[in-house]
Amino acid sequence: MGSLGVVFGDIGTSPLYAFREAVKSAQAAGLPNDQAVVGVLSLILWTLTLIVTVKYVSILLRVDNKGEGGTFALMALGQSISAKAAPIMLGLGIAGAAFFYGDAVITPAISVLSAVEGLELVSSTFEKFVLPLSLIIIVGLFMMQARGTARVANIFGPVTVIWFVIIAIGGLIRLVDQPGVLAALNPLPGIVFAATNGSTGLTVMGLVFLAVTGAEALYADLGHFGRKPIEFAWLWLVAPSLVLNYLGQGALILTDPGAIENPFFRLYPNWALIPMVVIATAATIIASQAVVSGAFSLTRQAIQLGLIPRLHIVHTSGEVAGQIYLPRVNWLLLVAVLLVVIGFKGSDRLAAAYGVSVTATMVLTSIMAWFIIWQKWRWTLLRTTALIGPLIAIEIAFFFANITKIVEGGWLPLTIAAFLSLVMFTWVKGNDVLRRSAGRTDADLDWLVRKLDARPPHRVPGTAVFFTTNVNAAPTSLLHNLKHNRILHERNVVMAIKTEDVPHVPAQQKVEINRPNETFITVTARYGFMETPSVPKILEQCRRKGLNLDIGATSFFLSRRSLRPTPKSELPWLQQRLFLALARKAQDATEYLHIPTDRVVEIGAQISI
């Protein structure tokens, strides 16, 4: 029930627009109605079978990173398998995540618009209300995020079950009237349609792929629900409901070609139109919520993996760790979605943009999965390619089919992905430059101990914690404290917080404590890329392992870097300016790590980059 409300919301609302847009494109090219309907239906049904059932449900749900799925889970797993392939996996992961954000912008826009457009069938008077009503619903959706979704999420599952049952019934009723549409169950009409209609076939293929938008959620939400519930829900409810609905829409258009303007809502009698618009709107809100929550989760992972600056994270549930809210991401998404809705004005105009983001994400996921199956499962190259190669070929064909729609809207996800990729690559490269610059001036901790033994500084009561990225090197804040204040606390802890290539680190393995000498204690705290570090929780783990650090009696020393541009920077001018802007916008480490502000001492240092 839980997986239905989160995993299948997006793909479950695809019948609102996917079949309509594909058939309209075929009809606009002058193809006979029967050929257009059966060919498109065949392509949709077999795309669902190959991409969702075969690729995601049968294969990818078994390619997991400690039970977790998704772009960054695959990326981290690939990097841990092969150091040589790590840069390639990083590039694929960043590109896949960038296209997902494009999906997160387009999904609320196209889903809500397509649902509200059903009002036009009730009366032409409602046509002028579609756009403002869609904007109101979208604003309400994003304003709800700050309060958390735990309460409303409890109704997501039941509402989605009702949705799938209703769309299955609507399709079944029409299917009984025109059983000849069952010819679409044969893959041959789809193959012939795509192969014999030149550019029209290619264009229609791009629109057909809209039927599998949201399939990536099956894999991304693997860690939340597990493989079995997702498999069961897809095979026994979601897939049969989608197939029946698409067949019903095809049967309707074979009987009444004029119904193509909105075949989904035409499946139902006039008296049911308003209730159907209401339930469709609820379903699209659920689909949009799943994508927005996914964007929050992906952003937290990107922060932990060092791909973007620190951002403020609010935990909206005390029981569910995954219930988070990122204010800055939320409002940026809202502005982007509103601009898209106002700019495109209709779900039909957004169809081309949607296909590009979805196909690009899927191709990148498949390539990473191919590498992991080859390396981790120890399959031969030939066997791995025989399994994944045909799926990659199909997805690449769909991607190029969507690329033909760049002018009509395909430019939007490409622009979003290009910008976000630039941001992430710039942040990674800039931090690498900083680490190498700091490494040239780092002092070895053992060397410092020998120096202190030779010339002992004045010792003051209390405990000091110095943060660093390497517990074997003397933290910059420690060196500056000794240089300027000429004192050392009675007890000194050098602490490093590291992100591992796994989603979650077991509690008993989170903290490692060492006492390399009598002067310093080193603490290494390890977190997974789906976790948020917290100093109070680290100190609690330390207490359980015999190191009692009272947070109210401990001083925390942080290094605050003041970055300034230099003409000799390793970064190109544009990336240098972008990195400096990103660094200024990063959340303060004190807030991000939940350190009491009255216990923090910040020591600044100027660094040229």
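The model is predicted, so local features need pLDDT of at least 70 and side-chain atom pairs count only at pLDDT 80 or more, while totals for chains, interfaces and linings use all residues. Residues are numbered from 1 along each chain as its sequence is written, and side-chain values use heavy atoms, without hydrogens and water.

Reader: At roughly what angle do the axes of helix α3 and helix α4 cross?

Author: Helices here are DSSP runs (H or I, at least four residues), numbered from the N terminus. Axes are lines fitted to C-alpha atoms over the stretch in contact, and angles run from 0 to 180 degrees between N-to-C directions. The axes of α3 (residues 18–28) and α4 (residues 33–59) come within 9 Å, and they cross at roughly 140°.

Reader: Which residues of α4 make the contact with α3?

Author: Contact means heavy atoms within 4.5 Å. On the α3 side it is made by Phe-19, Ala-22, Val-23, Ala-26 and Gln-27. Their partners in α4 are Asn-33, Ala-36, Val-37, Val-40, Leu-41 and Ile-44.

Reader: Is α8 roughly parallel or roughly antiparallel to α17?

Author: Helix α8 (residues 130–144) and helix α17 (residues 327–344) have axes 10 Å apart and pack at an angle of about 170°. Angles under 35 degrees count as roughly parallel, over 145 as roughly antiparallel, 65 to 115 as roughly perpendicular and the rest as oblique. The angle therefore makes α8, relative to α17, roughly antiparallel.

Reader: Is Met-144 buried, partly exposed or exposed?

Author: Met-144 lies in helix α8. Buried means under 20% relative accessible area, exposed over 50%, and partly exposed in between (1.4 Å probe, protein chains only). With a relative accessible area of 24%, Met-144 is partly exposed.

Notes:
Helix = DSSP H or I, 4+ residues; strand = E, 2+ residues; numbered from the N terminus.
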